[in-house]
Amino acid sequence: MERECGSKKSLFSEEELQEISGVIVGDDYVEVMCGCTSHRYGDAIARLRVFSDGDLQITCQCTPACHEDKLSPAAFEKHSERETSRNWRNNVWVFIEGDKVPLSKTVLLRYYNQTLKNNSNGSKVTHRDEFVGCSKCGKERRFRLRSRGECRKHHDALAEPNWKCCDYPYHKITCDEEEERVSRKVYKGCTRSPSCKGCTCCVCFGCNLCRFADCNCQTCLDFITNTKPI
């Protein structure tokens, strides 16, 4: 381990982590070895970082040439080409005493579950889906903003003036692929109305889910400096 698990900065106790393989304890995170199994392609191995704000980030190591970084568990599940996806809590696993144990049966989702519970009282602003246009072909690609990791992907893409279809973070696409139909684009995930074009329920002007202390853009700097995160 990089740091003793029982230190005051650790998110989990030494006893909780001692049987999990590949544990590294950082200043504000705990990192462990994880994976997802495809019946066709086998195990995709990766590193999972767990943060106290509930954020989960995965760096894939499925091949030496893979550079997928800061994936959400759902995105990693899809990247590993798991046949029965959309159930990452059970499909993404860690090694405990040599056995593959689903994340749902470990302590590693403690902060993620707490964040979901705290945000379930209805006062939390919903982040609707947004689109980023390709600088090469002009086609718009959808970004889901359901988690901090997904918000960061959209934030970084929006800040890149030369963003292209090949930079799409969820799966590999090219400019040759058709964009969503106009009739489909109106469905953006607002909790008030699926065809909402923007309202107080789905438009967020800044919160600790979509603003980042390690980003130097003016939008994030203004929020971190002047606004108390909600």
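A residue is called buried when its relative accessible area is under 20%, exposed when it is over 50%, and partly exposed in between. By this rule K70, at 39% relative accessibility, counts as partly exposed. The structure described here is a predicted model. The protein has seven helices and eight strands, and buried residues make up 42% of its 230 residues.

**Nonpolar cores**

- The largest nonpolar core contains 29 residues, and L48, F76 and L108 have the most contacts inside it.
- Two or more residues of this core come from each of the following elements: β2 (29–38), β3 (42–51), β4 (56–60), α2 (73–79), β5 (92–96) and α4 (110–118).
- A second, separate core has ten residues, among them C134, F143, W163 and I173.
- When residues up to four places away in sequence are not counted, F76 touches C34, G35, C36, A44, A46, I58, C60, L71 and V92.

**Cysteines**

- In general, a disulfide is a covalent bond between the sulfur atoms of two cysteines.
- A search of the whole structure finds zero disulfides.
- C34 takes part in no disulfide, and the nearest cysteine sulfur, that of C60, lies 8.4 Å away.
- The sulfur of C60 has its closest cysteine sulfur in C62, at 3.4 Å. A disulfide requires a pair of sulfur atoms within 2.5 Å, so the distance of 3.4 Å between C60 and C62 is too far for a bond.
- C34 counts as buried because its relative accessibility is 0%, and C60 counts as buried because its relative accessibility is 4%.

**The second largest pocket**

- About 430 Å³ of space lies in the second largest pocket.
- This pocket is lined by 22 residues, of which E68, D69, K153, D167 and P169 are the closest to its centre.
- Helix α5 (residues 148–159) supplies five residues, the largest share of the lining.
- By type, the lining consists of nine nonpolar, four polar and nine charged residues.

**Residues with a positive phi**

- As a general rule, most residues other than glycine have a negative phi.
- K70 has a positive phi of about 55° although it is not a glycine. K70 is found in the loop between β4 and α2.
- E81 is likewise not a glycine, and its phi is positive at about 60°. E81 is located in the loop between α2 and α3 (88–91).
- E81 has a relative accessible area of 45%, and it is therefore partly exposed.

**Two further positions**

- T200 belongs to the loop between α6 (182–185) and α7 (218–226). T200 is exposed because its relative accessible area is 72%.
- T200 and C190 are ten residues apart along the chain, and their C-alpha atoms are separated by 9.7 Å.
- Y29 is part of strand β2. Y29 is buried because its relative accessible area is 12%.
- Y29 and F12 are 17 residues apart in sequence, with a C-alpha to C-alpha distance of 9.7 Å.

Note on methods. Residues numbered from 1 in each chain as written. Predicted model: local features only at pLDDT ≥ 70, side-chain atom pairs only at ≥ 80, totals over all residues. Heavy atoms only, no water. 1 Å grid on protein atoms, 1.4 Å probe; cavity = no way out; pocket = protein on both sides within 12 Å on 5 of 7 lines; lining within 4 Å. Points joined across faces, edges and corners; volume = space filled by probe spheres on them. Helix = DSSP H or I, 4+ residues; strand = E, 2+ residues; numbered from the N terminus. Nonpolar A, V, L, I, M, F, W, Y, C, P; charged D, E, K, R; others polar. Buried < 20%, exposed > 50% of the residue type's maximum accessible area, 1.4 Å probe, protein only. Core = buried A, V, L, I, M, F, W, Y, C linked by side-chain atoms within 4.5 Å. Contact = heavy atoms within 4.5 Å.
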